[in-house]
Amino acid sequence: MSLGNGTVLCDIDSRGVVTVSLNRPDVNNAYNGDMLAGLHEAMDALPSLPQARVVVIRGNGRHFQAGADLQWIAGVGRKGPEANREASRLTGEAVRRLDLLALPTVALVQGGCFGGGTGVLSACDVVIAADNALFAITEVRWGLNPSIILPQLCQAIGARNVRRYALTSERFGPQTALQLGLVHEVCALDQLQATGERVVDALLLSAPEALKAIKRRTMQVAGAVVDDALFDALVDEHASFRQRAEAAEGTASFLEKRHPSWYPAGRSD
């Protein structure tokens with residue numbers, strides 16, 4: 001099943017394993033409005049698939065997900081407040097819905113996983129990373145604010161680690177991601193599918209209704225469920241930053257392959 005103008009592919013096998021594939025390999029699976037729509041369409045379809053047991057999320061091509069398509073971000077930023085709020089809500093709801101999905105979710109990560117991609121991982125139940133994976137929470141580098149994924153990131157790696165990596169945009173490898181808790185297991189790239197299959201098989205052995213109840217209750221007792229009022233505030237903040245001068249300069253610096261104006265290049269004082 002091709003969704004979001006083909007930017008998301010969704011298939012279900014005879015075991016009830018749903019594979020959701022991000023499918024913009026030419027831009028390292030950077031998300032835009034079409035991909036977000038495709039992810040929502042995939043989650044909308046799940047209730048009509050009673051045989052569905054497990055959801056696997058993967059990226060086609062060399063990379064899992066390179067965060068936001070900054071050309072799309074720049075275009076949205078030039079629109080009015082309502083268009084920006086809608087784009088932020090669409091983005092935030094994709095991660096929030098994935099986080100609250102009743103079915104267990106497994107992410108298989110190869111290559112780059114940046115920005116919103118780290119939010120996707122934080123919303124998944126199990127994350128397997130290949131030994132070539134590379135991670136970064138990149139929004140601040142472009143004058144943006146990752147507010148809509150901060151609840152999931154704080155649950156996954158803790159506020160102390162978010163305060164480092166969301167403020168510096170440092171890149172880190174799979175072993176650091178494992179230590180932080182962003183991923184659960186690291187394997188060789190050529191073993192990524194097989195390692196994921198082992199986890200999927202364990203989930204298929206779990207009683208479906210008990211599994212759903214345990215997942216739901218775990219999130220409740222951990223205080224991991226974001227209420228509507230907080231979510232609305234996060235969406236508004238996310239949208240407002242996209243419309244600021246810093247975001248315009250940050251995205252322009254990326255597209256023009258230069259440092260942003262706030263970087264004191266050449267200064268030694």
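Trainee: Starting with helix α1, how many residues does it have and how far does it reach?
Mentor: Helix α1 runs over residues 33–45, which is 13 residues, and its first and last C-alpha atoms are 18 Å apart, close to the 18 Å expected at 1.5 Å a residue. The expected span is 1.5 Å times one less than the number of residues. Helices (H or I, at least four residues) and strands (E, at least two) are DSSP runs, numbered from the N terminus.

Trainee: What sort of model is this, and how are residues numbered?
Mentor: It is a predicted model, in which local features need pLDDT of at least 70 and side-chain atom pairs count only at pLDDT 80 or more, while totals for chains, interfaces and linings use all residues. Residues are numbered from 1 along each chain as its sequence is written, and side-chain values use heavy atoms, with hydrogens and water left out.

Trainee: Back to α1. Which of its residues are buried?
Mentor: Met35, Leu36, Gly38, Leu39, His40, Ala42, Met43 and Ala45. Buried means under 20% relative accessible area, exposed over 50%, and partly exposed in between, with a 1.4 Å probe and protein chains only.

Trainee: And what covers them?
Mentor: The cover includes strands β1 (2–3), β2 (8–12) and β3 (17–22), along with helices α2 (70–77) and α3 (81–100).

Trainee: What happens at the start of α1?
Mentor: A side-chain oxygen of Asn32 comes to within 3.2 Å of the backbone nitrogen of Asp34.

Trainee: You listed β2 as cover. Where is Cys10, and is it buried or exposed?
Mentor: Cys10 is in strand β2, and it counts as buried because its relative accessibility is 4%. Not counting residues up to four places away in sequence, Cys10 touches Met1, Leu3, Val18, Thr19, Val20 and Ala42. Contact here means heavy atoms within 4.5 Å. Ala42 is one of the buried residues of α1.

Trainee: How do α2 and α3 pack?
Mentor: Their axes are 9 Å apart, at an angle of about 140°. Axes are lines fitted to C-alpha atoms, for helices over the stretch in contact, and angles run from 0 to 180 degrees between N-to-C directions. The two helices are therefore oblique to each other. Under 35 degrees counts as roughly parallel, over 145 as roughly antiparallel, 65 to 115 as roughly perpendicular, and the rest as oblique.

Trainee: Which residues make that contact?
Mentor: From α2, Trp72, Val76 and Gly77; from α3, Ala83, Asn84, Ala87 and Thr91. By class, the contact has four nonpolar, three polar and no charged residues. Ala, Val, Leu, Ile, Met, Phe, Trp, Tyr, Cys and Pro count as nonpolar, Asp, Glu, Lys and Arg as charged, and the others, Gly among them, as polar.

Trainee: How many residues in α3, and which are buried?
Mentor: α3 has 20 residues and spans 28 Å from first C-alpha to last, close to the 28 Å expected. The buried residues are Asn84, Ala87, Ser88, Thr91, Gly92, Ala94, Val95, Arg96, Leu98 and Asp99.

Trainee: What does Ser88 contact?
Mentor: Setting aside neighbours within four places in sequence, Ser88 contacts Ile148, Val235, His238, Ala239 and Arg242. The side chains of Ser88 and His238 are joined by a polar contact of 2.7 Å. A polar contact is a pair of N or O atoms within 3.5 Å; within protein, one must be able to donate a hydrogen and the other to accept it, and residues adjacent in sequence count only if both atoms are side-chain atoms. Ser88 counts as buried because its relative accessibility is 0%.

Trainee: Where does the side chain of Thr218 reach?
Mentor: It reaches the backbone oxygen of Ile214 at 2.7 Å. Thr218 lies in helix α9 (residues 208–221), and at 45% relative accessibility Thr218 is partly exposed.

Trainee: Last topic, phi. What is the value for Asn28?
Mentor: Near 55°, which is positive in a residue other than glycine. Asn28 is in the loop between β3 and α1 and, at 33% relative accessibility, is partly exposed.

Trainee: And Lys257?
Mentor: Lys257 has a positive phi of about 55° and is not a glycine. Lys257 lies in the segment after α11 (245–255) and is exposed, at a relative accessible area of 77%.
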